[in-house]
Structures are given as structure tokens and as C-alpha cells.
Amino acid sequence: MYTRMLMLLLTLAAAVVSVQQNTAHAQESIDERINRAVEPAANTISGLVFTPIGCYGAVSQETLQEAADDPHADRCARQGKDPIPFIVVWLIFAAAFFTLFFRFINIRGIRHGMELVRGKFYDPSAPGEVTHFQALATALSGTVGLGNIAGVAVAVSIGGPGATFWMILAGFLGMSSKFVECTLGVKYRNINADGTISGGPMYYLSKGLAERGPGLAMLGKVLAVMFAILCIGGSMGGGNIFQANQSFTQLVNITGGDSSWLADKGWLYGLIVAFLVGMVIIGGIKGIARVTSKIVPFMGVTYVIAGLAIILVNISAVPAAFSSIVSGAFSPEGVAGGFVGVLIQGFRRAAFSNEAGVGSAAIAHSAVKTREPVTEGLVALYEPFVDTVVVCTITALVIIITGSYDPSGSIGGVELTSSAFGSAISWFPWVLTLAVLLFAFSTMISWSYYGLKAWTYLFGESKLTDLTYKAIFLVFIIIGSTMQLGAVVDFSDAMILAMAFPNIIGLYFLLPVVKRELNSYWSRYKSGQLEQAGNTQDQVTT
């Protein structure tokens, strides 16, 4: 019955979108109306999230002209300069603070984190739904994607090779943010009667702050509700509409552009993708984890191998590339804003790519099978490491050593990455298309889970609320494949980043809790008690 209802909803949505496409020629299209309706809210939210706390760079006449024509331009644009977004400083400062507070857990915890990913100390009888590796793969599928392909290219094209250095540093610091939020995600998760897990910032904000005293209990509830609302909005836009739209656009471009048979078949593409996503998310986090644990390694390894192959072929150019990255980080030439401009571009792209501090990944990591909250925090260290330090660095190196980097910025984004890889591997655009499709698919199924948990936090755990959210999510996939909802996507992206505000406020209050958990766990790990406990558990299960 569930599947029949799902197919009915998808067919109805496809029919509605098809009718809209046929009637849009004679009047203002639905997507234009939606854009116009959402634009005021999108501008307000974006203005708050991206509020500049400072300006940098020389005065640009072009920027001044654009600001004069835009009533929503910020104060930096009106001065003809580039902004330093508050959200970037908010995320990076928190990451740096957590790194120092936990005495560089992103270094001293990395080896034990790998032991946990590989299954050492794994207790199959522990409460939870997925293994450490599956939880990591699910979280990675929500972050590894277009940000690694297009975002890095944007950073390098605007900030030069030196932006790569600051991206790597931001990824390194972000590992500590992931550790904190994912440890708390497991610590305060709800274990439902049927064995399923509900966790994430909504729960550690409300339950964790309530433990800190009645004065913080109300603050915790407000922050939790705020986070849940933002998460639902983000899941529908950045985690859904944007992914469907961009993957369909890439597929059309590679198959002939405007002359492609698929050019006007967005509804068909959306229907197929929605059906595939629906088949996965019906199974809950276990179904999602089974798929992501296969897709993420496959697409990640394929992309990394292609990048390493190009790097090896051009191995003689690697020392010069690293030299340009380091020197460009501190003494940039021809980059708008100089040193500050390069630093901001690198930090900005890394923060947007790995989402460390946003809190979304804690929802997936909360479902892990473990009795020790710190174990998943240590596993989560690998998320920014893989996403930013490894994948983003390989992308940047390929762009630099192939000579595709153009200081004039004539091309950027996914086009620059495709050009860089294509210069060495002629058929790589097809590989890139496959990567974009898989990245989009895995991101959608991960964000469907994030949004669902935020939805059920607000409206309760039941089959009806579960079905309602999933049906809405699948309909939005079809909408995203057929409409150009620019304002909606901007609104959603701003909501995803805005999740960092209530999340990080709560993290600061709950740092003592994480420190107690870490000290207790680390002392037992160093004394060998955990290994002995694991051996005892193995004997019991056999």
C-alpha cells in the first residue's frame, strides 16, 4: 500500500508539472510566481546569514555599479568592496576554539578513529541501526558533492592557488567541530520503541541544555525548534531542488544541450529520480546506509583515482603547484583583496563544502550502533578530512598542474573542473556527469533523512508524519527537475548555513559534557579496558 501511494503521488506530481509546462507559454510560469513570492523572504534570510562584519579589497567600479542597481546590496557592495561574511567567521572561529579546547583531537584521535571505522571495538548488540562505516558514508554523501567539484574551482579562480591552503586549514579545523556535534548527537539521541533512532542537534539542544539548569531549558527548546525548521527548509532546497536541477542540467549538456532529447523532459527525469530515491528512503536509515555505503566509496574512489592519475602523469609539475599554493596563501599576486581575499575565499568554500558546525551530519551519525558517544565523534573526524583535505585538494591540484587556472576568471565552477580533467582525460566529462548524478542522488537521500528527523521532532513520530514528509520531498524532486527556482534555492542555502547559529550556540554550552565523555573514554582506551571489553563481547556473541 505504501508503494502504491508513493507511485500515485509521483504520477500526480508529474502530471501537474507537465500541465504547467504546456500552459506556461501563454502566461507567467509557476516558477516565476514562486520566485517572486519567495524572493523577499530569501533576501531577508540571506541578508542575515551573509551579513558582512568587515570589508576588504580595493574599490571596484563594477561592484559599485551593481550595488547601485540592487536595492538589497550590502554595505560592502555599496562601498565597492568585497564582504567578510559573518557566517564564515562564526564557523571558523568555533572550529579553531574546539580544536584548542580539546587539545587537537583532530590529530590525536585520527588513528583510533580509523580503528573504529574498520570495525575494531564494534559491538553488534549495542543500540543503534548502522555501523560506524555506514554512518560515516551516509554523512559523507550529504557533503561530498558539487561543492568539491564546482566550489573548489570557484575558490581557485577567484582566490588563486593560495586559496587551497586555507581550504585545507579550514577542513583540518572543521574536524574538531564534527567531533563535538557528533559526540553530542549520540549522547542525547532518542531510542524509539521499535529500535529506530532519532538524534541530532534538535535533541542535544533541548535535552542537553535542560540538564544545565532550568534557566537554559527554554533556550534549548527555542534553539531546537529553530534548528528543525531551518533543517526542513534546507532539505527541500539545497538537499533536493538544487541537486535535481543541477544533475539534470549536466545530463542535458552532455547529451547535446538544447538539442538534446532530454531538454524538455525534466518532468520525466524528475519522476525517475524520485522513484529511485523513494525506493531507498522507504527503508529508513538502514536502507539509506546500505546504498550510501556503496555509492560513496565508488564515486569517491573513481574521482580520486582520476585525479591522482592526472597528478602522476604531471608529477614533475607537482612541486611547483605546491609552491604556488603556499606562496599564494601568504603573498598572492593579482588577487582581489590580497592576503585577506585569498584567506576568505579558502575558508568560505571549505565551510560551505564540509558543513562542519552546521549540525546536519550529527543526525546521521546518531544512528550508529555504539554505547560510547565519543566513538562516533572520532569517526566523524574523517568527514571533513575526506571532503576537504583529500577531495578538495586533489581537485585544486589538477586545476593548477594542468594549467587550467585562469587568473582572469573567464571560466569557473564545474566548467573549470571539467576543463582541467578533460585536458588530460578526453572522456572525463562523461565520468564527471556520472559523478554529478551519483553525488546528487546520494545527497538527496541523505538530506531526506535529515529533514525527516527534523520533521518528526516537530510533529511527532508516526507512520503518517513519516509518509507526509517523504511524499513532499519526492514531489519537490520533480519540481526541481522542471523549474528554475533561483530564489527558492538561495533561500534554502541560506537556511542550511543558518543552522550553524542555533547549533554552535548550543555546542559552546555543552562543551563540558563532551570533555567529560572524552576524558572517561580516552583513559579507558589508553589503559586497554576497551580492548578487553571488546574481547569479552566477542566471546559472548560467539
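A: Arg-103 is exposed, because its relative accessible area is 57%. Here, exposed means over 50% relative accessible area, buried means under 20%, and partly exposed is in between, using a 1.4 Å probe and protein chains only. You'll find Arg-103 in the loop between helix 5 (86–101) and helix 6 (105–108). Helices are DSSP runs of H or I with at least four residues, strands are runs of E with at least two, and the numbering starts at the N terminus. Arg-103 isn't a glycine, yet its phi is positive, at about 50 degrees.

Before going on, keep in mind that this is a predicted model, with residues numbered from 1 along each chain as its sequence is written. Local features need pLDDT of at least 70 and side-chain atom pairs count only at pLDDT 80 or more, while totals for chains, interfaces and linings use all residues, and side-chain values use heavy atoms, with hydrogens and water left out.

Phe-104 sits in the loop between helix 5 and helix 6 too. Its phi is positive as well, near 55 degrees, and Phe-104 is a residue other than glycine. Phe-104 counts as partly exposed, since its relative accessible area is 38%.

Move on to Met-114, which belongs to helix 7 (residues 110–117). Met-114 is partly exposed because its relative accessibility is 33%. From Met-114 to Phe-133 you go 19 residues in sequence, and their C-alpha atoms are 9.6 Å apart in space.

Now for a jump along the chain: Ile-505 and Ala-94 are 411 residues apart, but 9.6 Å separates their C-alpha atoms. Ile-505 lies in helix 24 (residues 500–526), and its 29% relative accessibility makes it partly exposed. Leaving aside residues up to four places away in sequence, Ile-505 touches Trp-90 and Leu-223, where a contact means heavy atoms within 4.5 Å.

Zoom out for a moment. The protein has 25 helices and 4 strands, and 56% of its 542 residues count as buried. Among the contacts with a separation of 6 or more, 83% are between residues 24 or more positions apart.

Helix 22 (residues 463–482) shows how such pieces pack. Helix 22 has 14 buried residues out of 20, so the rest of the structure largely encloses it. Its 20 residues should span 28 Å at 1.5 Å a residue, and the end C-alpha atoms are 29 Å apart, which agrees. The expected span is 1.5 Å times one less than the number of residues.

How do you describe two helices side by side? You use the angle between their axes and the distance between the axes. Axes are lines fitted to C-alpha atoms, for helices over the stretch in contact, and angles run from 0 to 180 degrees between N-to-C directions.

Helix 12 (residues 214–254) packs against helix 22 at about 35 degrees, with the axes 8 Å apart. Their crossing is right-handed; that is the name when the near helix is turned clockwise from the far one by less than a right angle, and anticlockwise gives left-handed. On the helix 12 side, the contact residues include Ser-235, Gly-239 and Phe-248, and on the helix 22 side they include Tyr-469, Phe-473 and Ser-481. This contact has 9 nonpolar, 6 polar and no charged residues. Nonpolar covers Ala, Val, Leu, Ile, Met, Phe, Trp, Tyr, Cys and Pro, charged covers Asp, Glu, Lys and Arg, and the others, Gly among them, are polar.

Helix 22 has another partner, helix 21 (residues 428–459): their axes come within 10 Å and cross at roughly 140 degrees. That makes helix 21 oblique to helix 22. Under 35 degrees counts as roughly parallel, over 145 as roughly antiparallel, 65 to 115 as roughly perpendicular, and the rest as oblique. This crossing is right-handed. Helix 21 contributes residues including Met-444, Trp-447 and Phe-459, while those from helix 22 include Asp-466, Tyr-469, Lys-470 and Phe-473. By class, the helix 21 contact with helix 22 has 9 nonpolar, 5 polar and 2 charged residues.
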